[in-house]
Amino acid sequence: MQLTWLGHSCVLLSGSKKVLIDPFIEGGSVLDTNPDIVAVTHGHDDHMGEAVALRKKTVAITEIAKYMKSKGIPAEGMNIGGTMTIEGVSFTMTPALHSSFIEEAGPGFAGGSAAGFVIGLDGVKVYHAGDTGLFSDMKLIGELYHPDVALLPIGGRYTMGVAEAMMAANFIGAKTVIPIHYNTWEKIAADPFALKKAVERTTDIRVTVLAPGGSLDIAP
Ligand code: NI
Ligand code: MN
């Protein structure tokens, strides 16, 4: 299975299926990735992105799924704590400490709760935390689902920063951590190598810093 960080929170998992998470990149488009399934963590513009324009099967919390169905998208709704399998790909929805409304739908259009996902594809489990602050139940995510890779926001201001992500990495215990949601804009400036140094000095966890468009092969 190959994991590609397209930028911001947008990640493409490519194996027997192609799964695109949070289809937004700044100043560009991810329409040409042609995924089988799209997963959306919450309703903010920098995560919904091109979810409607892609017109693919989309996994999201029930409120967002309902909105997407109203746009003619074959969305599959679920909720936090649940798991469902689509075309052999498993999606477990995890909590996220964050807000959510569907920005493109205008003010007041509720998007349910913000969430994250543990996605199982070809024997590999990837935890995409979505936008979130640190919470100690990340330990449960580690103990229950044993993700191989954790994608963690580090940009601060709207999510965890580097210090909190260091503790999150310890809570989750995935062998590989990939920082996301930083340096897209000045307001979320962060140094991913500070996280790498701090985590790798004190644990066996590897922090892989990708450039936008960069990939990592992950064996089961
Ligand atoms: Ni957000
Ligand atoms: Mn965000």
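**View 1. Sequence spacing and donors of the manganese ion (ligand 2).** The donor residues of the manganese ion (ligand 2) follow the spacing D-H-x83-D-x49-H in sequence. This is a predicted model: local features need pLDDT of at least 70, side-chain atom pairs count only at pLDDT 80 or more, and totals for chains, interfaces and linings use all residues. Residues are numbered from 1 along each chain as its sequence is written, chains are lettered from A and ligands numbered from 1 in the order written, and side-chain values use heavy atoms, without hydrogens and water. Asp46 (OD), His47 (NE2), Asp131 (OD) and His181 (NE2) coordinate the manganese ion (ligand 2) at 2.1 to 2.2 Å. Donors are N, O and S atoms within 2.8 Å of the metal (3.2 Å for Na, K and Ca); water is not among the atoms, so sites may look incomplete. Asp46 is buried, at 14% relative accessible area. His47 is buried too, at 0%. Buried means under 20% relative accessible area, exposed over 50%, and partly exposed in between (1.4 Å probe, protein chains only).

View 2. His42 (NE2), His44 (ND1), His98 (NE2) and Asp131 (OD) coordinate the nickel ion (ligand 1) at 2.2 to 2.3 Å. Angles among the four donor atoms run from 89 to 176 degrees, and the site is irregular. Four donors count as tetrahedral if all angles lie between 85 and 135 degrees; four count as square planar and six as octahedral if opposite donors are over 155 degrees apart and all others between 65 and 115; anything else is irregular. The sequence spacing of the nickel donors is H-x1-H-x53-H-x32-D. Asp131 bridges the nickel ion (ligand 1) and the manganese ion (ligand 2), which lie 3.3 Å apart. His44 and Asp131 link distant parts of the chain, 87 residues apart. His44 sits in the loop between strand S4 (37-39) and helix H1 (45-48), Asp131 in the loop between S10 and helix H4 (138-145). Helices (H or I, at least four residues) and strands (E, at least two) are DSSP runs, numbered from the N terminus. Both His44 and Asp131 are buried.

**View 3. Surroundings of Tyr127.** Tyr127 belongs to strand S10 (residues 124-128). Its relative accessible area is 0%, so Tyr127 is buried. Beyond its neighbours within four places in sequence, Tyr127 touches residues including Thr94, Phe117, Phe135, Met138, Pro147, Leu151 and Ile172. Contact means heavy atoms within 4.5 Å.

**View 4. Packing of helices H5 and H6.** Helix H5 (residues 162-172) packs against helix H6 (residues 192-202) at about 35 degrees, with axes 10 Å apart. Axes are lines fitted to C-alpha atoms, for helices over the stretch in contact; angles run from 0 to 180 degrees between N-to-C directions. Val162, Ala165, Met166 and Ala169 of H5 meet Ala194, Leu195, Ala198, Val199 and Thr202 of H6. The contact residues divide into eight nonpolar, one polar and no charged. Here Ala, Val, Leu, Ile, Met, Phe, Trp, Tyr, Cys and Pro count as nonpolar, Asp, Glu, Lys and Arg as charged, and the others, Gly among them, as polar.

View 5. His146 is not a glycine, yet its phi is positive, near 45 degrees. His146 lies in the loop between H4 and strand S11 (149-153). His146 is exposed, at 55% relative accessibility. Arg157, also not a glycine, has a positive phi of about 60 degrees. Arg157 lies in the loop between S11 and H5. Arg157 is exposed, at 61% relative accessibility.
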